[in-house]
Amino acid sequence: MNRSDVILELQLVPELLRQAEAIYVDAVSELSWAKHQLLAKECEVIGDGLVTGKNELQRQAEMWPHTKELQEQVLRMEDAVEHTKVEFHFYKRKLENLQTIAKLMTIL
């Protein structure tokens, strides 16, 4: 990697990092909204008297048919958040490494 390669990368990576961070923030926001929808559905089901179980397992079993799709959506979104976090951290580390390389090149 020569100086011009490092300079070019230092110009490109911050924008890639910004994009990855924006995607990560959007994924976290979507996850929060999905969790809110799940909670609202659970409250609705309880409010309608559809959950009458005596213990937690019975209540969960009664809740499941009404919230299954939303619970699956939350799980998929949690997975998406983790994947976008990986991308964000990759570009963050890449930028830090490029900055270190640039500093070392000025010393040599």
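Me: Which residue follows helix 1, and is its phi positive or negative?
Reply: Gly49 comes after helix 1, and its phi is positive, near 75 degrees. The helices here are DSSP runs of H or I with at least four residues, numbered from the N terminus. The model is predicted, so local features need pLDDT of at least 70 and side-chain atom pairs count only at pLDDT 80 or more, while totals for chains, interfaces and linings use all residues. Residues are numbered from 1 along each chain as its sequence is written, and side-chain values use heavy atoms, with hydrogens and water left out.

Me: What does the end-to-end distance of helix 2 show, and where is its kink?
Reply: Helix 2 has 52 residues, yet its end C-alpha atoms are only 64 Å apart, short of the 76 Å that a straight helix would reach. A kink of about 75 degrees is centred on Thr67. At the N-terminal end, Asn55 caps helix 2, with a side-chain oxygen 3.0 Å from the backbone nitrogen of Leu57.

Me: Why is Thr84 called buried?
Reply: Buried means under 20% relative accessible area, exposed over 50%, and partly exposed in between (1.4 Å probe, protein chains only). Thr84 has a relative accessible area of 15%, and is therefore buried. Thr84 lies in helix 2 (residues 56–107). Not counting residues up to four places away in sequence, Thr84 touches Ile23, Tyr24 and Ala27, where contact means heavy atoms within 4.5 Å.

Me: What do the buried residues of helix 2 pack against?
Reply: They pack against helix 1 (3–47). Among them are Leu70, Val74, Met77 and Val81. The buried residues of helix 1, which include Leu17, Ala20 and Leu31, pack against helix 2.

Me: Why does the pair of Lys35 and Glu78 count as a salt bridge?
Reply: A salt bridge is a side-chain nitrogen of Lys or Arg within 4 Å of a carboxyl oxygen of Asp or Glu. The closest N and O atoms of Lys35 and Glu78 are 3.8 Å apart, and the pair forms a salt bridge. Lys35 is in helix 1 and Glu78 in helix 2, so the pair ties together parts that are 43 residues apart in sequence. At 41% relative accessible area Lys35 is partly exposed, and at 30% Glu78 is partly exposed too.

Me: How many salt bridges are there by this rule, and how far apart are the N and O atoms of Glu82 and Lys85?
Reply: The count comes to 6. In the pair of Glu82 and Lys85 the distance is 3.4 Å, N to O. Both residues lie in helix 2, 3 residues apart, about one turn of the helix. An α-helix has 3.6 residues a turn, so residues three or four places apart point the same way.

Conventions. Helix = DSSP H or I, 4+ residues; strand = E, 2+ residues; numbered from the N terminus. Expected span 1.5 Å × (residues − 1). Bend = angle between axes of the 7 residues up to and from the residue. Polar contact = N/O pair within 3.5 Å; in protein donor to acceptor, adjacent residues only side chain to side chain.
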